[in-house]
Amino acid sequence: MPLKNAPAKDYGAIGFLVIASGFLLITPILSTHRVTDFMIFCIFAMSFDLLYGYMGRLSFGHMLFLGTGAYGAGLFIKYINGNPLLAILVGIAVAGLLGMLLGLIIVRTTGACFALINLAFNHIGFFLVLSPLREITRGEDGFGVSASKLGFLNLGSRPIMFGFVLLCLLLVFYFLKRLISSPYGIMIRSIKEDETRVRFLGYNTYLYKWLTFVLAGSIAGLAGALTALNYNYVNPNAMDVNSNVGVVFACLIGGAGNLYGALIGGVTYMIISNFLPIYIHRWEMFLGFSLLIITFRFRKGVWGYFQGVWENIVKKKVIGKPIEEGVADL
Amino acid sequence: MLEIKNLDVAYGHAKVLHDISLKIEKGQMAFLIGRNGAGKTTLLKTIIGLLKPKKGSITYQGNAISNLSPEELYLRGLRYVAQEKKVFGNLTVRENIEIAAYASREPIDRTLEKVMSIYPKLKDFLKTKAGQLSGGQRQILLVGRALVGDPKLLLIDEPTQGLAAIVIEDIVKILSGLKDKVSAVIVEQNLAMVKLLADRVHILKEGKVAREIMDKSEISDTRGLEEYL
Amino acid sequence: MIYTIVYGFSIGAILYFISIGLSLTFGTMRVINFAHTLTYTIGVYALITLVAFLQGYFVLAAILAVFVVIPISYVIERFIIRRLYGESLDYTFIATFAVSLIGVDVIKWIWGVNPYPMKDPIGEYLMFWGLSLPIYRILIVIIAILLFVALNFFFKKTIVGKIVVAALDDKDGVRCLGINVDKYFSIVFILGSALAALGGVLYAPISSIHPYMGLSILLLSFAVVIVGGMGNLKGTFISAFALGMVMSITARYWSQGAETMVFIVMAIVLIFKPIDI
C-alpha cells in the first residue's frame, strides 16, 4: 500500500539555492537580525515537523527543548567557557539528553495524551528555570550571554551570525531530507499511518519513536542555542508554553509533513507575529481565527492546498478516473 | 417493501459493495449469507443509515431513505441489531428497555409486558446490569429492544453467532413467532436456521450479489449454500 | 494541618467543578476541549462586572454570571465542537485551542490585562479546635459534594441521564433506538461549561484574576481527568480532591511547587496507565 505522505520532491541542489536566496532576498527588506531570527524559528519548525508532520505526534510542549538548548548553551558560556561552537554542542547535547530521558516515558503515549504530557513537562521546565533553579538561571530576569570570538567567527557581528545560522539551517534541512527518504524515514512515516501494522511486521516501533523524539528535541535544542547566541540573552521566555502555538501554526500553514512547508510556514508565522501586532492590536484573535479556518478548510496547509490545486490541473491533462482499490478487509 | 438498486458502498477509497440490487416483500424473512468480508454487515449498516452509499438507491415503503439517519428510520419502523452484541452495559436490563421505549413513547409497563411475553425468562434479569449478562441473554435483550414500538423491518446481524445451542433454539422460536408479522433481513452463517425460517436467500460474495433464491422450496438444499460460506 | 486539609479540599472542589465538564465532553464526544476553561474565565469576568453592577450582591451576581456563560457555550458547541465529532484528536486540540486564543483576546479587549482583586464575600471564620477556618472555603466543599450527589442522581435516575450513560457505552445503539444523541451531548457540553463557570465564580474571590487564569487551571483539570479517567464520574470526583490535597500539601512545604507536583503525579499515572486515545 503506497504511503500517503510521500516526501517533498527532491529538487536537489537547486532547492538549497532557492532557500538560501530566499532568505538573502528578504534581508534588505527587513533586517539581518530579524531574518536570522526567522531562520532560527524555521529550524525549530523543522524539528517540530519531524515529530508532528512525519511521525504524526502533536506535542504541545516542544518549547521545552528549545529552552533547554538555550539555557544549556547560555549557562555553558556564562560559567564555563565562552567558545560558541562548544556552547552550541552543549545546548544540543543537553536537549538531546533530556529528550532521551523524557522520551522513554512520553513516547509510549499517543494522541491527546502525548500532547498533554509534553505540555505538562514544558510547564514543569518553565517553572524550574523560573523558581527553584533561580540561583543559577537568574529566574525571571534571565542573564546575558557573550560568546568569545573564535578566529574569524565573531558571532557578535550580525552578518556573520546570519551566515552561520543560514549554514545551520541548510545543514539541518539537508540532514532531515536525507533522513526522511532513508529507510528510517520510511519507517517513521509508516508509523504515522498505521503503527499497529508496522509492529506486526516485527519492527520495534518504540525504538524508532524514541529516536525521532530525541532527534526532534536535539534540533530544537540547536535552535535554542542559536537563540541564546543571537540575542546574547536567555530568560524563561525561551521555554514559554504559550509560544508552542507559533510552531503549530507554522506547520499547519505550511503543511505538516513537508520540509519546504515548514520553512514557508515558519517565515509566514514570523512575519505575522512580528508585524501584525503593529497594525492589528488584536492579532492573537486573528491568529485564532486563521487557525480555525485552516483546521476546517485547509487541512494540508496553504502550501499543500496549492500543491493539490496544481496536481489537479496536471491530472486533468493526463487522464481518467482514479483507479479504485480492492475490497477492504472487514 | 424494501428495494435496493445498484448500491455502491465504500470505506474511504475502498469499495466494499458493488452494484447491489435486491428486493424484500412485506412480511418476508430474507436471509443474507456469505463469507466473512463479503459485505453483509456493510449492507445492513447502510440500510439503517450508519453508512452512506456512494451510488445507488434504497427505497422503503416507496420512499427513498439512503440519506436518512438511523434516528429517523427508527420512527419509520426499521430496527437494527448489530453483530457485536453490545448492550448498554452500565444500565440494568429494565433500563435498557426503558431507553428502547423512549423514542417510541410507549408506556414502559406495556413495553415490558410485550417483551416478557416474547421471552418470559427475561423477568428474572430485570434488575441485573446488562453488562453482566451472558452472550445469549444479551442477544435476547437486543432482540427484545428491537421489538419495542412498532417494528416493521428488522435488520439483524448474525443473531446466533457464538451462542449455545439451547439459546439458538430460543432465538429461532422468537423469530418464528414473528414470521409474517414483521419483515426481516437477517445475516446468518447458521444454515439450519436459514433453512427453517427463510422465505428467500440472498448470497453475497466479495461485495456482489452472487445468487438469489426466491423460492422457499429451493432453500432446502443446504449443501449448495455451504460453498458460499 | 487542619488548615491544609480544608485548603486542599476547597481546591479539590474547584477542580471538580471544572473537570466534570471536561471529562464528560471527552467521554461523550471524544473531543478534547481546550477551550473548556474559557467559560471558566468568562464566568469570572462576568461576575466582576455583575458584582459592580449589582452593587455587591455576590450570590445573585454569581448565579447570573453562570447563566451568562450558557449561550456562549452553546455557540461554541454548535459551531466548533459539533464539527469536530469523529475528527482526529490533533485537529480538535488545535481548533479548540484557537477558540481559547480568540476568547482570551476578547477578554483582554473588554476587561484589560491587569489582574482584578476580589475579596472573600463571606469573610467570616469558623472557630474549630482553636483554629479559624474560612467558612467560604468550607462552603465550596459542601457545594461540590452536593453537586456530586446531584450528578449521581441525574445520571442514575433521570431518563436523560440514562440516555447519556447508554450513549457512553454504545452511541450507535442509542441512535438506532431513535434517539438523537447529539442533542443530548450538547446539553452535556453546556452543563459542563456552566459548571466550569460555577467553579470560576466560586474560586474568584480567593484567587488571582487575570485573562490567562484559564490556562493554568485547564492544565490542572486535564491532570484531574487523566488521573480520574475520562468520562468516569466517580473517578473524577476522587482524583479532583486527591490532587487538590496534593497541591495543598506541596504548597505547605514548597510554596511554589504545587502545580508542578500535580503534573508529576499525572506523568506518573500516565506511565503506568497510558490512555489509549
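A: Two residues are in contact if their C-beta atoms, placed from the backbone, lie within 7 Å. Keep in mind that this model is predicted.

Q: Among contacts in chain A between residues at least 6 apart in sequence, what percentage join residues at least 24 apart?
A: The share is 79%. The chain A total runs over 330 residues, and 47% of them count as buried.

Q: How many helices and strands does chain A have?
A: There are 13 helices and 2 strands in chain A.

Q: What is the mean pLDDT of chain A?
A: Read pLDDT as the predictor's confidence in each residue, from 0 to 100. For chain A the mean is 80, with 87% of residues at 70 or more.

Q: Where in chain A is confidence lowest, and where highest?
A: Helix 13 of chain A (residues 301-318) has the lowest confidence, with a mean of 67. Helix 9 of chain A (residues 205-231) has the highest, at 92. Two stretches deserve a separate look. Residues 1-5 of chain A have pLDDT below 50, and beyond near neighbours in sequence they make 6 contacts in the model. Residues 319-330 of chain A are also below 50, and that stretch has 17 contacts beyond near neighbours in sequence.

Q: How many residues of chain A are in contact with chain C?
A: On the chain A side, 30 residues are in contact with 28 residues of chain C. Helix 5 (111-130), helix 10 (244-254) and helix 12 (283-296) of chain A each supply at least two residues of that side. Helix 5 of chain A gives the largest share, 11 residues.

Q: At what angle do the axes of helix 2 and helix 3 of chain C cross?
A: The axes of helix 2 (residues 36-53) and helix 3 (residues 58-79) of chain C cross at roughly 135° and come within 8 Å. Antiparallel would need an angle over 145 degrees, so helix 2 of chain C is oblique to helix 3 of chain C. Their crossing is right-handed.

Q: Which residues of helix 2 of chain C meet helix 3 of chain C?
A: From helix 2 of chain C come C:T39, C:I42, C:G43, C:A46, C:L47, C:L50 and C:V51. Their partners in helix 3 of chain C include C:F58, C:A61, C:L64, C:V68 and C:I72. The residues of this helix contact divide into 14 nonpolar, 3 polar and no charged.

Terms used:
Residues numbered from 1 in each chain as written. Chains lettered and ligands numbered in written order. Predicted model: local features only at pLDDT ≥ 70, side-chain atom pairs only at ≥ 80, totals over all residues. Helix = DSSP H or I, 4+ residues; strand = E, 2+ residues; numbered from the N terminus. Buried ≥ 20, exposed ≤ 12 C-beta atoms within 10 Å, placed from the backbone. Axes fitted to C-alpha atoms, helices over the stretch in contact; angles between N-to-C directions. Parallel < 35°, antiparallel > 145°, perpendicular 65-115°, else oblique. Left-handed = near helix turned anticlockwise from the far one by under 90°. Nonpolar A, V, L, I, M, F, W, Y, C, P; charged D, E, K, R; others polar.
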